[in-house]
Amino acid sequence: RGDTPAIVVADLTRRYGDLLALDHVGFTVETGQIVALLGPNGAGKTTAVEILEGYRPRDDGQVSVLGFDPADGGRAYRERIGIVLQTAGFEDEFTVDELLRLQASLYPRRYDPGELAGLVGLADRRRTRVKALSGGQRRRLDLALGLAGRPDLLFLDEPTTGFDPAARRHAWDLIDRLREQGTTILLTTHYIEEAERLADRVAVLRAGRLVAWGRPSELEARCGLPTRLAFRL
Ligand code: ATP
């Protein structure tokens, strides 16, 4: 940990046919920072994140994540990143503990399942089957699964979409704890308040272009009062 940025993206470009989903996007995420990709539907957030995760190819540009090119990082790269996906349904018959143990077994620096359950507030649900969890508990389980390998970098796609205010606060507190542990986080969100509350830097994407980048407070200053205006730049 130290001086090398966690993520360096330059001139990142991705086309789908005639559509430019990412148009020469560039930004840098320092180690330990939380960066939010903010933007309306179709802005290119998911495309950008999946390229960084190594799940989508790019057409052009340079990408370095934890010193790897995600396009050919392989297992060594995957062991250092965490991706929070929504559980698909086949996990339903497992207990929380079984699923956490299974996921953690894939990683050399794995968490103990009890510790992981405690971290996301599921300590009292370890013996519960996944299918019996509430929606909010299930999302916390998804988060725990993404953290199972103690990632240096966590990708969080819309971490609180659909949450009620209490669940959102809980998720934000958890993200604060991860920050204290030094985890670098790249998250996508539609919520300005979420970006302001959590992020050290915000990247505003619109129609594939990076239209604003900076501290949340700087964006407010530059864009006039609410960062909301950034959507219209
Ligand atoms: P959302 O907030 O809705 O998830 P987003 O900012 O993540 O949106 P992307 O999903 O990256 O945006 O999509 C960017 C653009 O690329 C959109 O116009 C989308 O329709 C298009 N797109 C994404 N994936 C594909 C694909 N596999 N084939 C063709 N077009 C795609």
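Reader: Which residues does Glu158 touch, not counting residues up to four places away in sequence?

Author: Glu158 touches Arg139, Thr188 and His190, where contact means heavy atoms within 4.5 Å of one another. This is a predicted model, in which local features need pLDDT of at least 70 and side-chain atom pairs count only at pLDDT 80 or more, while totals for chains, interfaces and linings use all residues. Residues are numbered from 1 along each chain as its sequence is written, and side-chain values use heavy atoms, with hydrogens and water left out.

Reader: Why is Thr188 called buried, and which strand holds it?

Author: Thr188, which is found in strand S7, has a relative accessible area of 1%, and it is therefore called buried. Leaving aside its neighbours within four places in sequence, Thr188 is in contact with residues that include Leu37, Lys45, Val49, Leu156 and Glu194.

Reader: How do you know that the side chain of Thr188 makes a polar contact with the side chain of Asp157?

Author: A polar contact is a pair of N or O atoms within 3.5 Å, where within protein one must be able to donate a hydrogen and the other to accept it, and residues adjacent in sequence count only if both atoms are side-chain atoms. The two side chains, of Thr188 and Asp157, meet at 2.4 Å, and this is a polar contact. The side chain of Thr188 also reaches the backbone nitrogen of Glu158, at 3.0 Å.

Reader: What caps the N-terminal end of H6, and how do you know that the span of this helix agrees with its number of residues?

Author: The cap is Asp164, with a side-chain oxygen lying 3.2 Å from the backbone nitrogen of Ala166. The expected span of a helix is 1.5 Å times one less than its number of residues. For the 16 residues of H6, which runs over residues 165-180, this should give 22 Å, and the end C-alpha atoms are 23 Å apart, which agrees. Among the buried residues of H6 are Trp172, Leu174 and Ile175, and the elements that its buried residues pack against include S3, H4 and S7.

Reader: Why is H1 described as largely enclosed by the rest of the structure?

Author: Seven of the nine residues of H1 are buried, and therefore the helix is largely enclosed by the rest of the structure. The buried residues include Ala48, Val49, Ile51 and Leu52. After H1 comes Gly54, with a positive phi near 95 degrees.

Reader: What makes the phi values of His24 and Leu66 worth a remark?

Author: Most residues other than glycine have a negative phi. His24 has a positive phi near 50 degrees, and Leu66 has a positive phi of about 55 degrees although it is not a glycine.

Reader: How many residues line the largest pocket, and what does the word pocket stand for?

Author: On a 1 Å grid over the protein atoms alone, a pocket is an open set of points where a 1.4 Å probe fits, with protein on both sides within 12 Å along at least five of seven lines, and lining residues have an atom within 4 Å of a point. The largest pocket is lined by 22 residues, of which Ile83, Leu85, Gln103, Leu106 and Tyr107 lie nearest its centre, and S5 gives the most to this lining, with four residues.

Reader: What is the volume of the second largest pocket, and which residues are closest to its centre?

Author: The second largest pocket has a volume of about 320 Å³, a volume being the space filled by probe spheres set on the grid points, which are joined across faces, edges and corners. Of the 21 residues that line this second pocket, Val84, Leu85, Leu156, Asp157 and Glu158 are the closest to its centre.

Technical notes
Helices (H or I, at least four residues) and strands (E, at least two) are DSSP runs, numbered from the N terminus. Buried means under 20% relative accessible area, exposed over 50%, partly exposed in between (1.4 Å probe, protein chains only).
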